[in-house]
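Dear colleague,

Please find below the structure that I am handing over to you.

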Amino acid sequence: MKARKGFNLRNVCGEQIIVPEGKENIDCSSIISMNESSAYLWKNIQDKDFTAEDLVRLLMDEYEVDEETAGEDVRQLIRQWQTADLLEP
């Protein structure tokens, strides 16, 4: 997987949001808000190929979470990112 180009994490009034940038993303009509952990993951995967296992490992390294919990969180997050069209096919 890879994060789509042109979607960048920004801090806006204390909120972490994904902002579409560039003419290829001009039709984006929604703002994607990120919590602390999803923003952390997004920062670490931009411009890189990654797997779900990479995200699980990042969560486990940064937070006190077991592999099962991290795995479920990552599966849900990937579904959300796919629904928001934030990932390249």
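The model is a predicted one. Among its elements, strand S3 (residues 15-20) has the lowest confidence, with a mean of 84, while helix H2 (residues 52-62) has the highest, at 97. For the protein as a whole, the mean pLDDT is 87, and 89% of the residues reach 70 or more.

Regarding the overall architecture, the protein has three helices and five strands, which follow one another along the sequence as β-β-β-β-α-α-α-β. Of its 89 residues, 34% are buried. When contacts between residues at least 6 apart in sequence are considered, 45% of them join residues at least 24 apart. The exposed surface comes to about 5900 Å², and carbon and sulfur atoms supply 46% of that area.

I turn next to the interior. In soluble globular proteins, nonpolar side chains tend to be buried together. Here the largest nonpolar core comprises 23 residues, and those with the most contacts inside it are Ile 18, Met 34, Leu 41, Trp 42, Ile 45, Leu 55 and Trp 81. Two or more residues of this core are contributed by each of strand S2 (7-12), strand S4 (32-34), helix H1 (36-45), H2 and helix H3 (67-83).

Leaving aside residues up to four places away in sequence, Leu 41 touches Leu 55, Leu 58, Leu 59, Leu 77 and Trp 81. After H1 comes Asp 47, which has a positive phi near 65°.

There is also a pocket to report. Which residues line the largest pocket? The lining consists of Asn 35, Ser 37, Ser 38, Leu 41, Leu 59, Tyr 63, Val 65, Asp 73, Gln 76, Leu 77 and Gln 80. H1 and H3 are the elements that give two or more residues to this lining, and H3 supplies the largest share, four residues. The volume of the largest pocket is about 200 Å³.

With kind regards

Technical notes. Residues numbered from 1 in each chain as written. Predicted model: local features only at pLDDT ≥ 70, side-chain atom pairs only at ≥ 80, totals over all residues. Heavy atoms only, no water. pLDDT = per-residue confidence, 0-100. Core = buried A, V, L, I, M, F, W, Y, C linked by side-chain atoms within 4.5 Å. Buried < 20%, exposed > 50% of the residue type's maximum accessible area, 1.4 Å probe, protein only. Contact = heavy atoms within 4.5 Å. Areas by Shrake-Rupley, 256 points an atom, 1.4 Å probe, with all protein chains shown as cover. 1 Å grid on protein atoms, 1.4 Å probe; cavity = no way out; pocket = protein on both sides within 12 Å on 5 of 7 lines; lining within 4 Å. Points joined across faces, edges and corners; volume = space filled by probe spheres on them.
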